[in-house]
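Subject: Structure for you to look at

Dear colleague,

I am handing over the structure we spoke of, and I would be grateful if you could go through it with the notes below at hand.

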Amino acid sequence: MHFICKKQAVPEGGALRIELAARPPLAVFSLDGRFVVTDDTCTHGDASLCDGEIEDGIVECPFHQGAFDIATGKPVAAPCAIPLKVYRSETRGDEVFADLPTT
């Protein structure tokens with residue numbers, strides 16, 4: 001498990017973009033006290049999902065209004081068709097960790 005961020009850095013109902021060395025950017029979403037870590041880049045275009053609208057566990061891409069279920073990564077609105085990568089995550093105290101593949 002890799003340390004991602006402090007819980008308080010992620011606004012409730014919002015997202016925080018995380019850039020780690022030698023890997024694509026991540027998004028950390030805070031949903032009703034639960035933290036979900038995904039890739040930050042939309043699978044349809046080069047857009048940061050952290051800049052998208054978040055409502056009811058869905059994030060809308062700011063470029064083409066495609067959308068994903070944050071918890072599962074499943075596309076829920078066109079033009080998005082490729083699932084978003086969601087990483088197994090956990091909290092320890094006030095920190096968020098994620099199981100990231102070795103690059």
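What follows is an account of what was found, going from the whole chain to single residues.

Please keep in mind throughout that this is a predicted model, and that every value given here was computed from it.

Overall fold and dimensions

The secondary structure of the chain consists of eleven strands and zero helices, so that, read from the N terminus, the order of elements is β-β-β-β-β-β-β-β-β-β-β. The radius of gyration is 13 Å, which agrees with the value near 13 Å that a compact globule of 103 residues would have. Along the principal axes, the C-alpha trace extends over about 35 × 30 × 20 Å. Of the 103 residues in the chain, 41% are buried, and among contacts between residues at least 6 apart in sequence, 39% connect residues that are at least 24 apart.

Surface and charge

The chain exposes about 5,500 Å², and 50% of that area is supplied by carbon and sulfur atoms.

Leaving aside residues up to four places away in sequence, F29 touches V10, G14, A15, R34, F35, V36, T38, I54, V59 and I70. For a sense of distance within the model, the C-alpha atoms of F29 and D99, which are 70 residues apart along the chain, are separated by 15 Å.

S30 is likewise counted as buried, because its relative accessibility is 2%. With residues up to four places away in sequence again left out, S30 touches V10, P11, E12, G13, G14 and F35. With one of these residues, E12, there is also a polar contact, made between the side chain of S30 and the side chain of E12 at 3.0 Å.

Backbone geometry to inspect

As background, most residues other than glycine have a negative phi, and most peptide bonds are trans.

The peptide bond from A78 to P79 is cis, with omega near 10°, and P79 is placed in the loop between β8 (75-77) and β9 (86-87).

D32, although not a glycine, has a positive phi of about 50°. This residue, D32, sits in the loop between β3 and β4 (34-39), and D32 is classed as exposed because its relative accessible area of 77% is over the 50% cut-off.

Q65, also not a glycine, has a positive phi of about 65°. The place of Q65 is the loop between β6 (58-60) and β7 (67-69), and with a relative accessible area of 42% Q65 is partly exposed.

With kind regards

Notes:
Residues numbered from 1 in each chain as written. Predicted model: local features only at pLDDT ≥ 70, side-chain atom pairs only at ≥ 80, totals over all residues. Heavy atoms only, no water. Helix = DSSP H or I, 4+ residues; strand = E, 2+ residues; numbered from the N terminus. Rg over C-alpha atoms; globule rule 2.2 N^0.38 Å. Buried < 20%, exposed > 50% of the residue type's maximum accessible area, 1.4 Å probe, protein only. Contact = heavy atoms within 4.5 Å. Areas by Shrake-Rupley, 256 points an atom, 1.4 Å probe, with all protein chains shown as cover. Polar contact = N/O pair within 3.5 Å; in protein donor to acceptor, adjacent residues only side chain to side chain.
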